[in-house]
Amino acid sequence: GVSNINLEEISLQDFTRQEDCSLQELQIRQKTGCTVIGLKTPEGAYHINPASDEHISPESRLFVLGNKEQITALNQYLKSFK
């Protein structure tokens with residue numbers, strides 16, 4: 001069911017691809033089941049419900065909804081993203 005859904009703030013410090021890429025390229029929902037509901041830019045600006053062409057970098061932070069398994073999958077996925 002919908003139980004155990006958490007809002008998590010994800011650091012991209014371990015993001016292995018160092019150049020910027022877009023949220024669309026990451027395909028977070030398709031790959032992990034997590035839903036990105038917000039983004040904090042390296043400059044500290046918050047974007048709620050960010051557009052798919054929004055660019056992220058290792059200094060960005062993502063706000064995602066997901067259960068424990070999905071969040072774990074997301075963290076592992078970001079560490080291995082090429």
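## Cysteines

Cys34 counts as buried because its relative accessibility is 1% (buried means under 20% relative accessible area, exposed over 50% and partly exposed in between, with a 1.4 Å probe and protein chains only). Cys21 is likewise buried, at a relative accessible area of 0%.

The model contains 0 disulfides, a disulfide being a pair of cysteine sulfur atoms within 2.5 Å. The sulfur of Cys21 has its closest cysteine sulfur in Cys34, 16 Å away, which is too far for a bond.

## Basis of the model

This is a predicted model, in which local features need pLDDT of at least 70 and side-chain atom pairs count only at pLDDT 80 or more, while totals for chains, interfaces and linings use all residues. Residues are numbered from 1 along each chain as its sequence is written, and side-chain values use heavy atoms, leaving out hydrogens and water.

## Sheet

An open, antiparallel sheet is formed by 4 strands in the order β1-β6-β3-β4. Strands are DSSP runs (E, at least two residues), numbered from the N terminus, and two of them pair if DSSP finds at least two bridges between them. At the edges lie β1 (6-11) and β4 (46-48), each pairing on one side only.

Strand β3 (residues 35-40) pairs with β4 in the antiparallel sense over 3 bridges. Gly38 has Ile48 of β4 as its bridge partner.

Ser22 belongs to strand β2 (residues 21-22) and is buried, with 9% relative accessibility. Beyond its neighbours within four places in sequence, Ser22 is in contact (heavy atoms within 4.5 Å) with Ser52, Asp53, Glu54 and His55.
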